[in-house]
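Subject: Structure handover

Hello,

Here is the structure for you to look through. Please open it alongside this email.

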Amino acid sequence: MKTTRSILAALLLAVSGGHALAADAKHGADVFAENCAECHSVKEGKNKKGPSLFGVVGRKAGTVADVAYSDAMKQSGISWTPDKIDAYVTDPRKAVPGGKMKFDGLPNAAERADLIAYLSTLH
């Protein structure tokens, strides 16, 4: 848990251009609802079009049972650290070329940081 918080703090510093931002997990829940909830659940074991994002921080990509991942995702070797989540949510097609996710990306760094803070609470 402490390592996740350290990684999250480093991510927030990186996405803020070196200025510390206070990520807002509550706002991150709203960002999730607006951008992710159509295809992803936050309930453990409940997959939708995409995998459940419960416990996603620290999980290896392509490993949730009963999800039809692309070969690209299964072979990506990604572990979902906050920085990998940030890169993926910024531009999924660039982060995992050949992946299936039909999302253009979330360009707002503060919203991504809030989303990652929210996802970090799901364990």
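This is a predicted model: local features need pLDDT of at least 70, side-chain atom pairs count only at pLDDT 80 or more; totals for chains, interfaces and linings use all residues.

Salt bridges

The structure holds four salt bridges. Notes on some of them follow.

Start with D86 and R112. These two form a salt bridge, with 2.6 Å between the closest N and O atoms. The pair links distant parts of the chain, 26 residues apart. D86 sits in helix α4, residues 82–90. R112 sits in helix α6, residues 109–119. The cut-off for buried is under 20%.

Next, R93 and D104. Their side chains meet in a salt bridge, 3.3 Å from N to O. R93 belongs to helix α5 (residues 92–95), while D104 lies in the loop between α5 and α6, so the bridge ties together parts eleven residues apart in sequence. What about accessibility? R93 counts as partly exposed, at 43%. D104 is exposed, with a relative accessible area of 64%. Exposed starts over 50%, so R93 at 43% falls in the partly exposed class.

Then K74 and D71. The closest N and O atoms of this salt bridge are 3.6 Å apart. Both residues lie in helix α3, residues 71–74. They are three residues apart there, so about one helical turn separates them. K74 is partly exposed, at 46% relative accessibility.

Largest pocket

How big is the largest pocket? Its volume is about 770 Å³. The lining of this pocket takes in 35 residues. Which of them lie nearest the centre? They are H40, G50, P51, Y88 and M101.

By residue class, the lining of the largest pocket divides into 21 nonpolar, seven polar and seven charged residues.

Then turn to the largest pocket, with H40 and Y88 among the residues nearest its centre.

Best wishes

Note on methods:
Residues are numbered from 1 along each chain as its sequence is written. Side-chain values use heavy atoms; hydrogens and water are left out. Helices (H or I, at least four residues) and strands (E, at least two) are DSSP runs, numbered from the N terminus. Buried means under 20% relative accessible area, exposed over 50%, partly exposed in between (1.4 Å probe, protein chains only). On a 1 Å grid over the protein atoms alone, a cavity is a set of points where a 1.4 Å probe fits but cannot get out, and a pocket is an open set with protein on both sides within 12 Å along at least five of seven lines; lining residues have an atom within 4 Å of a point. Grid points are joined across faces, edges and corners, and a volume is the space filled by probe spheres set on the points. Ala, Val, Leu, Ile, Met, Phe, Trp, Tyr, Cys and Pro count as nonpolar, Asp, Glu, Lys and Arg as charged, and the others, Gly among them, as polar.
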